[in-house]
Amino acid sequence: KHVEERLQASPIFRQKLVNVPLKLDYPYWVDDPDFDIEFHLRHIALPKPGDWRQLCIQFSRLHDRAIDLSRPPWEMYVIEGINNVDFLPENSFAIMLKVHHVAVDGIAAAELSLSLHDSEPNPDRPRRTRRLQPSPTPKTTQILSRAIVNNIRASFRTTERLASQLTRRVRDQFSAQKVEPRQVEPVPKTRFNKEVSPYTVWDAVTFEVSDFRAIKQCVPGATINDVVLTVCGGAMTRYLQSKKETPDASLTAMVPVSVRTAEESAAEPGNKVVMVKASLHTIEPGPLKRLALVSEEMSHIKANAISAREMIELEEAMPALSMLMIMKSATAAWGPGKTYREQHNMLITNVPGPQQPLYFCGAKLAMLTGMAVCLDQIGINHAATSYNGKLVIAPLADRIMMPDPENYADCLRAAFEELKSAAKKTSINSGKKGKASGQGPR
């Protein structure tokens, strides 16, 4: 009942995909006339003793199962029996909301999950549940007619977008502000740059947001996201060293960047992200120096990359058949994204969350975390989320490439402690200098 009262928060909960014959247009979102909440909401329990490792294994197994795309592409699991985790209250239960990436990006997934919660344990005003009447599913003839019209419109939009971008490019060429392109460094190959198996492992490590803020303040211009990238890079270096596979060049990360505008609701179906490549400068031994290089790298990317918003708009404006031919040509030449993915050693995504407590059926949310996806040639993905003063980094990796996720969790803690210790020493030294300068004549 709690979930059903909140399904109106987003159309994603009740809509499914309908494919267009012969792929003449992109698939459509339509209301599912046979929507059944009993199918999407499942109730399970951990075996005794209900410890953290059992919960991680259960999450991984549920994650590995394919979602039924003939229905709205989401599932929710209520997992009881969490009784032996030292950092969680006794008799806790977990809510795992699993949504297909075709429907949401990271920010939309987080907001979708949060829409099922309340800002207080027992809200005074009960929610009113409207009886939703699903729109009729369009007939094949209607879909084909719409596809023809959409392709004609898309052709004009593509021409308009290209002309607009060409004009901007010419203008930029004559602009006084030009930044020299950086030299492309070689990307090392690691155990994660292979085809992935169907099986994954997952873990999560919790930190204090205040510690991340203190670290970033030691490097002018740095952000919390820069600190997350630096911690993940340091952790991976440690992990590979423990396997005697020390990389001979700096590791790189694929970093999703959201391009949703303020007018676009995160509850709307779809994916509004582009991927950028960032060096993690793991060859640099000094932790704060490494953070400074990562911060400079991200600033450079934001200043010089092609407008992410323009790229998304161009893709959306392009006719479906044209996009299909482009993708088939690229796949035939290089494989399905293989060449591009090989230039990255990991995926890192950071989605900020609310900094006040939330409640589900009156129970306080103790921990909020995420699970990403693994791709061929990128066998590990870090999902960073923050909630109520805590920041969680949750790596999901191929089980064959990473048979010991608890070891990698220790590497994340060690990389963070190294940064925290260096930041603390810098703050102490800065304080001493300030006191010394204050003792001179005024």
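Me: Which residue in β4 stands opposite R42?
Reply: In this predicted model, β3 and strand β4 (residues 74-82) run parallel and are joined by five bridges. Across this pairing, the residue of β4 opposite R42 is Y77.

Me: What is the order of the strands in the open sheet of three strands?
Reply: The edge strands are β3 (41-45) and β5 (92-99), each of which pairs on one side only. Pairing in the sheet is mixed, and neighbouring strands are turned by 20° against each other on average, direction ignored. The order is β3-β4-β5.

Me: Are helices α5 and α6 roughly parallel or roughly perpendicular?
Reply: The axes of α5 (residues 209-216) and α6 (residues 224-242) come within 9 Å and cross at roughly 95°. Angles of 65 to 115 degrees count as roughly perpendicular. Therefore α5 is, relative to α6, roughly perpendicular.

Me: How many nonpolar residues has the contact of α5 with α6?
Reply: From α5, V209, F212, R213, I215 and K216 meet I224, V227, V228 and V231 of α6. By class, the contact has two charged residues and no polar ones, and its nonpolar residues number seven.

Me: How many residues apart in sequence are the parts that the pair of F192 and Y239 ties together?
Reply: The ring centres of F192 and Y239 lie 6.4 Å apart with planes at 40°, so the pair is tilted. Both F192 and Y239 are buried. Because F192 lies in the loop between α4 (140-173) and β6 (200-202) and Y239 in helix α6, the separation in sequence of the parts tied together is 47 residues.

Note on methods:
Residues are numbered from 1 along each chain as its sequence is written. This is a predicted model: local features need pLDDT of at least 70, side-chain atom pairs count only at pLDDT 80 or more; totals for chains, interfaces and linings use all residues. Side-chain values use heavy atoms; hydrogens and water are left out. Two strands pair if DSSP finds at least two bridges between them. Helices (H or I, at least four residues) and strands (E, at least two) are DSSP runs, numbered from the N terminus. Axes are lines fitted to C-alpha atoms, for helices over the stretch in contact, and angles run from 0 to 180 degrees between N-to-C directions. Angles under 35 degrees count as roughly parallel, over 145 as roughly antiparallel, 65 to 115 as roughly perpendicular and the rest as oblique. Contact means heavy atoms within 4.5 Å. Ala, Val, Leu, Ile, Met, Phe, Trp, Tyr, Cys and Pro count as nonpolar, Asp, Glu, Lys and Arg as charged, and the others, Gly among them, as polar. Rings of Phe, Tyr and Trp (its six-membered ring) pair if their centres lie within 6.5 Å; planes under 30 degrees apart count as stacked, over 60 as edge-to-face and the rest as tilted. Buried means under 20% relative accessible area, exposed over 50%, partly exposed in between (1.4 Å probe, protein chains only).
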